[in-house]
Structure formats: structure tokens, C-alpha cells
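Subject: Structure for you to look at

Hello,

Here is the structure I said I would pass on. My notes on what was found follow it.

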Amino acid sequence: MTHPTPAAAPQKDHGRAGRDLKAAFASAFVLLGAIAASLVFWKTAFMLIVAAAVVVAIWELARGFRAKDIDLPEQPLMIGGVVMVAVAYFWGAPALVTATAVTALGVMLWLLRRGIDGYVKNATASVFALVYVPFLGSFVALLLAEGGALDRGGIDDAGVQAILTFILVTIASDTGGYTAGVLFGRHPMAPVISPKKSWEGFAGSVLFTAAAGWGLVVWLLDGDWWVGVLLGLVTAVMATLGDLCESVIKRD
């Protein structure tokens, strides 16, 4: 006697946007509200948001890696990641480098408990995850500490201004890419890797980030306009390349 195979849950089609816009906007408003409150009233609280994001990202990455039979040691990566964010904020880049090296060694020693089988694979993936998530994420802490780690925050704080510029330029890149992609997207940039990403969307991202960079650097950071345009161009290129890399990781 045979039993029918259960049908797979149907995937929702979110149209050309490629995402659930209601969920995306709701989560964005909540997160941006929390970020704004922390930066204005007590900027050290923003580090708690960054640390929480690092923990969630490591957990999510570990879930994905299990599809390839790679088992990341989540506990030492999460603990080390939070420590890396904290030392970067309070003691700067040299302390971050030290914390990264110590965490990498600690993770490799932790994996010794599992024995020989799969050690190289899991250790290599763990070091990759360590650099990809908490090390790069800690650069946000370095930016915020620019105004002084003990300052309360507020719009006049140099570190807060740097973080606001970083966030708003990133939002401009995503918004410009999404808007132009939905309205004008006809030529896929990398159809195998990311079918929804188009050259028209990339052009919109470049335009929006160049304009946002110009305005933010001139009015918020009191810098030269060409620096803002350059910031926008670099952001659009690196955001797109980073998104493609992340898409490859996700699909693999």
C-alpha cells in the first residue's frame, strides 16, 4: 500500500518586488524607530541593537549552513561576536583585531570536542562566519565611537552623524534600486544568482545614493559635495556586489 506524498507548501508570489512589502515596511519602521531612539537618547544602547543583530545573523547563518552538512558552533560565535562589538566600541580597532583572533582560536578549540570528522570543514566555515558577521558588523561600532564612547548621543555627536549617514545612504540604495527595478527593470543583472535584480535597478540605486550622499555629507557632515557623490557611488556598487554574494550563499 502506498501513501500519497504531502504537497509542498505553496510559495507566495510577491510580484516584481520579490518581497512581502507589508512585512518589510513594518519591520523597517520598528527597527528604525528603535535605532533613532537609541542614537538620540543614549547611543550606547545602539550597541545592544547591533549585538542582537549579530546574534540573530549567526543563528540564521548556522541554520542555512546545515543544508550543506556544516555545523557552526553557535555559542562561541555568538559570545565572541558580542564581545567583538563591545571592544570595538569602547577600545577601538586594535582591540577588535585582538578579539577577532582570540574568538577564532576559541572557536577552533571548541570544535576539538567534536573529534576529527568534519573538523576542517566546520572550522573553516566558522572563521568565515566570524569575519562575515561580527567582524564586519563591528565597523558600525567603530563609526559610532568616533564621537566618543561615553557621549550620550544626539544629532550633534560625530559618531551619531556618521551612523545616520551610513543608514540613510544604505536606505537610499535599496529604495532607488527597488523603485527603478519595479518601474523600469527589463534587463536582469545576474539572472541565475538574483532573478529580480536588474541593470535599471542598479542605475536607480546609483542615482539615489549619489544624491543622498551629496546631501548628507554637505549638510550633516559639513564636507565637500564631491565626497558625498563618491560615497554614494561606492555605496551603490558595494551594496549590489554584497547583495549578489549573499544571494549566492543563500542559494548554495
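This is a predicted model: local features need pLDDT of at least 70, side-chain atom pairs count only at pLDDT 80 or more; totals for chains, interfaces and linings use all residues.

Gly177 touches Gly201, Gly204 and Ser205, leaving aside its neighbours within four places in sequence; contact means heavy atoms within 4.5 Å. Gly177 is found in helix 6.

Residues are numbered from 1 along each chain as its sequence is written, and side-chain values use heavy atoms, with hydrogens and water left out.

The protein chain has eight helices and two strands. Helices (H or I, at least four residues) and strands (E, at least two) are DSSP runs, numbered from the N terminus. Their order along the sequence is α-α-α-α-α-α-β-β-α-α.

Helix 6 covers residues 158-184, which is 27 residues, and reaches 38 Å from its first C-alpha to its last, close to the 39 Å expected at 1.5 Å a residue. The expected span is 1.5 Å times one less than the number of residues.

Helix 5 (residues 119-144) packs against helix 6 at an angle of about 140°, with the axes 7 Å apart. Axes are lines fitted to C-alpha atoms over the stretch in contact, and angles run from 0 to 180 degrees between N-to-C directions. Helix 5 is therefore oblique to helix 6 (under 35 degrees is roughly parallel, over 145 roughly antiparallel, 65 to 115 roughly perpendicular, and the rest oblique). Helix 5 contributes Val140, Leu143 and Leu144 to the contact, and helix 6 contributes Gly159, Val160, Ala162, Ile163 and Phe166.

Lys43 and Asp157 form a salt bridge (3.2 Å, N to O), that is, a side-chain nitrogen of Lys or Arg within 4 Å of a carboxyl oxygen of Asp or Glu. By this rule the count is six salt bridges. Lys43 lies in the loop between helix 1 (21-41) and helix 2 (44-65), and Asp157 in the loop between helix 5 and helix 6, 114 residues apart.

Regards
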